[in-house]
Amino acid sequence: MTSGLRIRPEEPGDRTAIRSLHVAAFGGDAEADLVDRLRRDGDLSLSLVACADTVLGHVAFSPLTLPEAPGIRALALAPVAVLPDFHAQGIGTALIEDGLQRLADEGADLVLVLGDPAYYGEFGFQAEDTSALSTPYDGPYLQALFLTEAGRNARGPVAYANAFAELA
Ligand SMILES: CC(C)(COP(=O)(O)OP(=O)(O)OC[C@H]1O[C@@H](n2cnc3c(N)ncnc32)[C@H](O)[C@@H]1OP(=O)(O)O)[C@@H](O)C(=O)NCCC(=O)NCCS
């Protein structure tokens, strides 16, 4: 773990660094644009940075809408990235664990993520737990983490924040 690493909510002065680290980590603008659009739309429900002297990583969570489970508080985890020179030092794990803990503390019911099951399985996400849900990203890379029994019982279609429809 990088010494002096701190996880905290993003501040206005972090925006350029957040954009740069997504471009560096993903090798393109798509995820950086997604974060900017989520922020523009007021859909960054939780946006955390990992910083030492500078910002090294970022994770975003945005709202999901479940018309058939209107009482559910559900979120998408996306994107998450760490500056390439700082990979494999536990920063991504720290960001995701901190974010999930904050969401659990706030009473969130369900989190969905699209990504490598080998990575997200470590946090308790499971692809089979999405079987009662219908999303634009259905398939083996879509995984769910239930934070409450209500989340476990959620059924039906799931709509992502509008910014996802603009993904390149
Ligand atoms: C994915 C990412 C955020 C992980 O951050 P990180 O700080 O390097 O991750 P951590 O150090 O917390 O965890 C590293 C562990 O996860 C594993 N890991 C990292 N990326 C992985 C992946 N895509 N699939 C499977 N395992 C992965 C590493 O092998 C390592 O395992 P170990 O602890 O057993 O050695 C980072 O690699 C990144 O920014 N990648 C480019 C952007 C990206 O792909 N984001 C995710 C989109 S779904």
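Glu10, Arg15, Arg19, Asp29, Asp33, Asp36 and Arg39 are joined in a network of salt bridges, a salt bridge being a side-chain nitrogen of Lys or Arg within 4 Å of a carboxyl oxygen of Asp or Glu. The model is predicted, so that local features need pLDDT of at least 70 and side-chain atom pairs count only at pLDDT 80 or more, while totals for chains, interfaces and linings use all residues. Residues are numbered from 1 along each chain as its sequence is written, and side-chain values use heavy atoms, with hydrogens and water left out.

**Exercise 1.** Determine which parts of the chain the salt bridge between Arg39 and Glu10 ties together, and state whether each partner is buried or exposed.

*Solution.* Step one is the distance: the closest N and O atoms of Arg39 and Glu10 are 2.9 Å apart. Step two places the partners: Arg39 belongs to helix H2 (residues 30-40) and Glu10 to the loop between strand S1 (6-9) and helix H1 (15-26), so the pair ties together parts that are 29 residues apart in sequence; helices (H or I, at least four residues) and strands (E, at least two) are DSSP runs, numbered from the N terminus. Step three is accessibility, where buried means under 20% relative accessible area, exposed over 50%, and partly exposed in between (1.4 Å probe, protein chains only). Arg39 is buried at 16%, and Glu10 is buried at 17%.

**Exercise 2.** Carry out the analysis for the salt bridge between Asp33 and Arg19.

*Solution.* The side chains of Asp33 and Arg19 meet at 2.9 Å, N to O. Asp33 lies in helix H2 and Arg19 in helix H1, so this pair ties together parts that are 14 residues apart in sequence. Asp33 is partly exposed, with a relative accessible area of 24%, and Arg19 is likewise partly exposed, at 26%.
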